[in-house]
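Could you walk me through this structure in the viewer? I'd like to know what to select at each stop and what is there.

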Amino acid sequence: MPPGSRVFAVMALSARVFSLLRGRLGRMGAPGAAGPAFRAFRSSGARHDAIIISGTEMAKQIQKEIQESVESWISLGNRRPHLSIILVGDNPASHTYVRKKIRAASAVDHVDERTVCNGIAPEKDVDGFHIINIGRLCLDQHSLIPATASAVWEIIKRTGIETFGKNVVVAGRSKNVGMPIAMLLHTDGEHERPGGDATVTIAHRYTPKEQLKIHTQLADIIIVAAGIPKLITSDMIKEGAAVIDVGINYVHDPVTEKIKLVGDVDFEAVKKKAGFITPVPGGVGPMTVAMLLKNTLLAAKKVIY
């Protein structure tokens, strides 16, 4: 999510929100369980194009897994988890995220970002923004991981994209997205919270384009979260690279003369060269919501703290 405003989600044990979610989530299974064969997440069959990773379909699978766990949890006499949302600022990307989360929320309010960060109990901080959760993440310990970073990591794992010893470029340095993604990918796969054992380079919106290109052309995996439309073009990637687009940008479409949502990647051009690619919309976004719900269940069950 681009810098500017932030969205915070707070978990509390209550019956309100998951009741609202039941129609949307359907029935779900245990978080972390292996999903169906990756073929189910494809939305492109053309050989000359990249495999388009459908975050929408993958999120549906995760939501089914979560709902089954929720029902199992409730059957043991526990309360349904409850999710509240607090929106800070007026960033359009945050509002897009909230519109999806609002189905699971009972309250939306505007307060100071730092006050929220300092005020949320770390064990209820399901967006993983609390200093303790970020600290535990950096120490390779179990924590509530920021939902977008967790979404990217889950996409990589469920898709079967290899990270061990691979070169990764993360274009974006926000403390809520770029930094935690980099931490997940470069840390030791044998630690308490296993990482990806990749070699990670972090770039950002002020990295000169030619310098960024040098890094991305060597990358096996490119994760873009800089908030710049078409930051990554086809000449910047190598054949077969995996490209995960976290960008949320609203641009004017000269053909339709309407405002449309796009990512940070020149999708149509890059998909002809990449091995895997996520679309915007329909990629990381739905997965972010799914991982937020997974964090909510983990917090309710107190399996982290």
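## The whole protein

Start with the surface display: the accessible surface of the protein comes to about 13400 Å², and 53% of that area belongs to carbon and sulfur atoms. Keep in mind as you look around that this is a predicted model. Now switch to a cartoon, where you will find 10 helices and 10 strands. Of the 305 residues, 53% count as buried. Among contacts with a separation of 6 or more, 69% are between residues 24 or more positions apart.

## An enclosed helix

Next, select residues 178-186, which form helix α7. Because 8 of its 9 residues are buried, α7 is largely enclosed by the rest of the structure. Show the side chains and pick out the buried ones: G178, M179, P180, I181, A182, M183, L184 and L185.

For the last stop, move to the second largest pocket, with a volume of about 320 Å³. Select K230, K260, V262, V265 and F267: of the 14 lining residues, these are the closest to the pocket's centre. Then colour β9 (259-262) and α9 (267-270), each of which supplies at least two residues of the lining. Colouring the lining of this pocket by residue type gives 7 nonpolar, 2 polar and 5 charged residues.

Note on methods:
Residues are numbered from 1 along each chain as its sequence is written. This is a predicted model: local features need pLDDT of at least 70, side-chain atom pairs count only at pLDDT 80 or more; totals for chains, interfaces and linings use all residues. Side-chain values use heavy atoms; hydrogens and water are left out. On a 1 Å grid over the protein atoms alone, a cavity is a set of points where a 1.4 Å probe fits but cannot get out, and a pocket is an open set with protein on both sides within 12 Å along at least five of seven lines; lining residues have an atom within 4 Å of a point. Grid points are joined across faces, edges and corners, and a volume is the space filled by probe spheres set on the points. Helices (H or I, at least four residues) and strands (E, at least two) are DSSP runs, numbered from the N terminus. Ala, Val, Leu, Ile, Met, Phe, Trp, Tyr, Cys and Pro count as nonpolar, Asp, Glu, Lys and Arg as charged, and the others, Gly among them, as polar. Buried means under 20% relative accessible area, exposed over 50%, partly exposed in between (1.4 Å probe, protein chains only). Contact means heavy atoms within 4.5 Å. Accessible areas come from the Shrake-Rupley method with a 1.4 Å probe; for residues, only the protein chains shown count as cover.
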